[in-house]
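Here's a quick tour of a protein model, strand by strand. Have the structure open while you read.

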Amino acid sequence: MASSSAIASSSAPFINKKDVGLSAFSSQSSFSVQTARQRISKKIVSVMTPQQTQRTPATTGSVKTGMTMTEKILAKASDKPEVSPGDNVWVNVDVLMTHDVCGPGSIGIFKKEFGQNAKVWDREKLVIIPDHYIFTSDERANRNVDILRDFCTEQNIKYFYDIKDLGNFRANPDYKGVCHVALAQEGHCRPGEVLLGTDSHTCTAGAFGQFATGIGNTDAGFVLGTGKILLKVPPTLRFVMDGEMPDYLLAKDLILQIIGEISVAGATYKAMEFVGSTVESLTMEERMTLCNMVVEAGGKNGVIPADKTTYDYLEGRTSVPYEPVYSDEGARYLKEYRFDVSKLEPLVAKPHSPDNRALARECKDVKIDRVYIGSCTGGKTEDFMAAAKVFLASGKKVKVPTFLVPATQKVWMDVYSLPVPGAGGKTCSQIFEEAGCDTPASPSCGACLGGPKDTYARMNEAQANYYLFYRIIDLLLICYRVCVSTTNRNFPGRMGHKEGQIYLASPYTAAASALTGYVTDPREFLQ
Ligand SMILES: CC(C)[C@H](C(=O)O)[C@@H](O)C(=O)O
């Protein structure tokens with residue numbers, strides 16, 4: 001048994017480190033440093049100093065430490081009464097998702113380690129979603145989908161969202177599109193569970209009050225064989241967002257605000273818990289946008305407590321019983337940030353980093369040559385509704401090519417069928433057509449991460465045959481290789497062209513920018 005002093009010295013540094021991060025806006029909120037200090041000292045009282053060797057009732061094992069919801073989910077999944085940040089625990093996995101880019105590699109590792117005839121641990125807990133490089137003639141990309149299909153047949157996998165006819169996605173009723181959006185729509189995201197995926201944006205599912213994180217192919221190969229993973233429990237950062245959300249802001253602005261504040265490394269291997277009245281007011285799709293980009297701050301997972309909004313969304317989508325968990329009153333947070341959302345303004349992340357934050361209104365001098373609306377971050381039904389709202393309010397036509405890539409087949413249907421509020425029954429697709437946008441494309445990850453050369457809306461580089469000619473054109477036009485995009489990453493080369501400049505923005509800001517031809521604050525059209 002560990003001595004009391006050992007417990008004290010291992011616990012104390014974590015608690016002593018607890019401090020409160022003040023956002024640029026928190027000084028205007030009701031939050032006070034004094035309150036934070038009082039809370040910290042309350043915590044320290046319950047920790048034994050190294051001199052206290054004798055046990056007193058307050059320090060016996062009968063007193064449970066408060067846990068965050070991330071810790072609670074991991075405790076439950078590892079059959080432990082309690083876990084603490086830094087603990088390494090074997091976790092039982094509820095759902096493993098993989099796609100066409102990482103599935104074949106994960107399957108290869110599974111077969112190598114567990115044998116050619118091995119069976120996956122649970123044919124109903126594996127979800128396979130081709131979504132990345134789908135509408136392409138690239139043979140290796142096509143082969144990846146074939147490998148997934150063969151594996152699913154061999155293993156009798158229950159949830160495989162296949163696509164065979166690339167010429168007409170609608171001829172493939174099982175095909176969904178972007179995995180993170182499809183997982184939610186198909187009821188695979190459930191409060192209190194552990195969802196892993198071979199994709200960094202698997203953190204999106206934290207919006208459902210579950211532990212969701214991306215893993216590599218090797219880990220996925222192991223999960224395929226055992227249904228387990230060894231995880232280090234992350235400490236939690238708490239983001240309290242209060243205040244009424246102005247009607248020119250979207251969740252994308254909130255997460256760009258946070259990443260700009262804490263940097264792309266600010267949450268490395270940490271859980272990011274989002275709470276507060278603003279978060280409670282967000283729809284599920286907006287909550288997904290918030291959690292989707294935690295990985296752009298290095299976060300291990302993002303998480304939002306489940307509530308009525310969550311349960312309503314899940315109604316009819318899943319029949320699997322689930323058990324939501326909530327952070328304890330006395331849970332330990334590494335740091336707390338507070339935001340008064342009513343004071344925030346529309347933002348962009350300038351090239352080439354998601355933390356390169358700027359106010360959209362201060363980037364008016366940035367001329368653009370295209371707009372891209374799509375991806376797991378910004379290609380959901382509500383993202384298209386938001387863009388349509390701006391086009392409708394302006395009554396104008398776009399000035400640059402505007403590419404629309406619905407995340408999933410359901411989003412595509414919504415774009416063509418749901419009436420946009422206040423538009424006299426018009427659908428998004430009608431409004432987009434009137435505004436002069438490109439016709440909504442087949443659902444997939446599209447050009448969010450470049451993809452093969454023939455990917456729709458990819459920012460392409462000069463072709464080899466005409467290299468010199470195109471290189472000269474490229475150099476002449478270089479200042480116009482600029483895209484405003486609702487996606488999540490703007491690293492060099494991310495959407496294809498290695499000299500491309502990507503400004504990450506909300507669907508409001510993207511649509512406003514399409515109408516002017518430069519980075520534009522949506523208030524120009526929404527007020
Ligand atoms: C292809 C995949 C491994 C990658 C990821 O993990 O995020 C992609 O989805 C991305 O957005 O960059």
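Strand β13 (residues 347-349) and β14 run antiparallel, with three bridges joining them. Within that pairing, L347 has L359 in β14 as its bridge partner. Keep in mind that you're looking at a predicted model.

**The six-stranded sheet**
- β13 and β14 belong to an open sheet of six strands, ordered β14-β13-β18-β17-β15-β16, and the pairing is mixed.
- β14 (357-359) and β16 (402-405) sit at the edges with a single partner strand each, so one side of each has no neighbour in the sheet.
- On average, neighbouring strands here are turned by 25° against each other, ignoring direction.
- Helix α17 (residues 507-516) lies across β13, β15 (370-374), β16, β17 (482-485) and β18 (501-505), and runs at about 150° to β15.

**Strand β9 and its partners**
- Five of the seven residues in β9 (residues 236-242) are buried, so to speak "mostly covered".
- β9 pairs in parallel with β10 (residues 271-275) over five bridges, and L237 stands opposite M272 in β10.
- Together with helix α8 (residues 251-262), β9 and β10 make a right-handed β-α-β unit.
- β9 also runs parallel to β12 (residues 335-340), joined by six bridges; there, L237 has K335 as its bridge partner.

- The protein's mean pLDDT is 89, and 84% of its residues reach 70 or more.
- Over residues 1-61, though, the pLDDT is below 50, and this stretch has 69 contacts in the model beyond near neighbours in sequence.
- The model's scores are ipTM 0.99 and pTM 0.88.

Technical notes. Residues are numbered from 1 along each chain as its sequence is written. This is a predicted model: local features need pLDDT of at least 70, side-chain atom pairs count only at pLDDT 80 or more; totals for chains, interfaces and linings use all residues. Side-chain values use heavy atoms; hydrogens and water are left out. pLDDT is the predictor's confidence in each residue, from 0 to 100. Contact means heavy atoms within 4.5 Å. Buried means under 20% relative accessible area, exposed over 50%, partly exposed in between (1.4 Å probe, protein chains only). Helices (H or I, at least four residues) and strands (E, at least two) are DSSP runs, numbered from the N terminus. Two strands pair if DSSP finds at least two bridges between them. A crossover is right-handed if, with the strands pointing away from the viewer, the path from the first strand over the helix to the second runs clockwise. Axes are lines fitted to C-alpha atoms, for helices over the stretch in contact, and angles run from 0 to 180 degrees between N-to-C directions.
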